[in-house]
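Please look over the sequence and model first.

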Amino acid sequence: MIITILMFIIVSITCFISTLPFLIPYQILLTSQSKKINYKLSIEHIVIVYIFVYYLTGVLNFTGIPSIRDIVHNSFGIITPMGLNFPPDEINLIPFYWITEGVRPYIENILLFIPLGSMLPFIWKKYEVLWKTALSGITLSLIIELSQLFNGRITDIDDLLMNTLGALIGWVIFRLLKEHLSKLQDKVSVQSTNIEKIPLLLRGEACYYMVIAFAGMFFVFYPFLRSLLSQFLRSLFTGPIFI
């Protein structure tokens with residue numbers, strides 16, 4: 001049990017580290033733009049958005065997205081002289097097609113996106129509007145599902161539906177706890193009396209962090225760090241290592 005927890009921590013931290021080549025330049029530009037309007041990002045805000053990126057990389061690692069190496073080397077034979085060839089048995093457009101095989105995957109996909117639905121409105125007050133949080137949940141899930149067309153995993157409408165439901169449940173949880181979280185939220189969330197003065201990098205901050213998390217996993221973790229991490233874990237622990 002302890003070994004499993006330790007391995008999880010090591011893997012999740014490595015996933016987060018893979019975002020730093022994109023996260024650090026963005027943070028530098030974001031800080032520079034914020035200073036131009038005499039706005040200072042709070043320490044609480046910086047800490048919570050790093051936690052947000054850490055969470056996003058965990059979602060992407062759990063769901064499994066392709067890497068740039070998969071695309072370049074056409075590892076799964078998707079790219080053919082006749083165009084893209086997606087195996088029909090790896091695409092499911094029928095809702096609840098797998099329900100007879102058990103509800104665990106459905107529950108996992110719901111739980112996976114509950115933090116997203118809670119964190120978005122907590123960090124960025126514009127996501128207190130339900131449809132904006134729902135749209136973010138749908139968009140992130142759709143990007144994950146479409147990317148899985150290129151790595152041999154099943155692209156499933158059930159995952160899209162359950163992820164979106166999870167985001168909605170997370171939003172409801174936030175609303176129920178909002179009164180108790182209001183003081184902390186004021187320290188964490190971006191404050192401005194004039195939304196037009198907020199620089200673009202700050203206005204679309206949540207979206208940028210999603211892109212950064214995806215880029216880190218796609219360009220750094222899967223093609224490079226995962227194999228190094230696997231070798232490192234084998235040197236620490238005996239037995240097969242699954243990442």
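## The largest cavity

What volume does the largest cavity have? About 40 Å³. The model is a predicted one. The count comes to one cavity of 30 Å³ or more.

Asp-70, Ile-71, Asn-74, Ser-75, Phe-76, Ile-78, Ile-79 and Phe-150 line the largest cavity. By class, this lining divides into five nonpolar residues, two polar and one charged.

## The second largest pocket

The second largest pocket holds about 340 Å³ of space. Its lining counts 16 residues. Nearest the centre of this pocket lie Pro-105, Asn-109, Arg-153, Asp-156 and Asp-159.

Which elements give two or more residues to the lining of the second largest pocket? They are H3, helix H5 (104–123) and helix H7 (157–188). Six residues of the lining are nonpolar, four are polar and six are charged.

## Helix H3 against helix H9

Two packed helices are described by the angle between their axes and the distance between the axes. Helix H3 spans residues 43–63, and helix H9 spans residues 205–236. These two pack at an angle of about 50°, with their axes 9 Å apart. H3 and H9 are therefore oblique to each other. Their crossing is right-handed.

On the H3 side, the contact is made by His-45, Val-49, Phe-52, Val-53, Leu-56, Thr-57, Leu-60 and Asn-61. H9 brings Glu-205, Ala-206, Tyr-209, Met-210, Ala-213, Phe-214, Met-217, Phe-221 and Tyr-222. By class, the contact of H3 with H9 has 13 nonpolar, three polar and one charged residues.

## Helix H2 against helix H9

H9 also packs with helix H2, residues 20–36. The axes of H2 and H9 come within 8 Å. They cross at roughly 150°. Are H2 and H9 roughly parallel or roughly antiparallel to each other? The cut-off for roughly antiparallel is an angle over 145 degrees, and H2 and H9 are therefore roughly antiparallel.

H2 makes the contact through Pro-21, Phe-22, Leu-23, Tyr-26, Gln-27 and Leu-30. From H9 come Glu-205, Tyr-208, Tyr-209, Ile-212, Ala-215, Gly-216, Phe-219 and Val-220. The classes in the contact of H2 with H9 are eleven nonpolar, two polar and one charged.

Glu-205 and Tyr-209 of H9 take part in the contact with H3 and in the contact with H2.

Note on methods. Residues numbered from 1 in each chain as written. Predicted model: local features only at pLDDT ≥ 70, side-chain atom pairs only at ≥ 80, totals over all residues. Heavy atoms only, no water. Axes fitted to C-alpha atoms, helices over the stretch in contact; angles between N-to-C directions. Helix = DSSP H or I, 4+ residues; strand = E, 2+ residues; numbered from the N terminus. Parallel < 35°, antiparallel > 145°, perpendicular 65-115°, else oblique. Left-handed = near helix turned anticlockwise from the far one by under 90°. Contact = heavy atoms within 4.5 Å. Nonpolar A, V, L, I, M, F, W, Y, C, P; charged D, E, K, R; others polar. 1 Å grid on protein atoms, 1.4 Å probe; cavity = no way out; pocket = protein on both sides within 12 Å on 5 of 7 lines; lining within 4 Å. Points joined across faces, edges and corners; volume = space filled by probe spheres on them.
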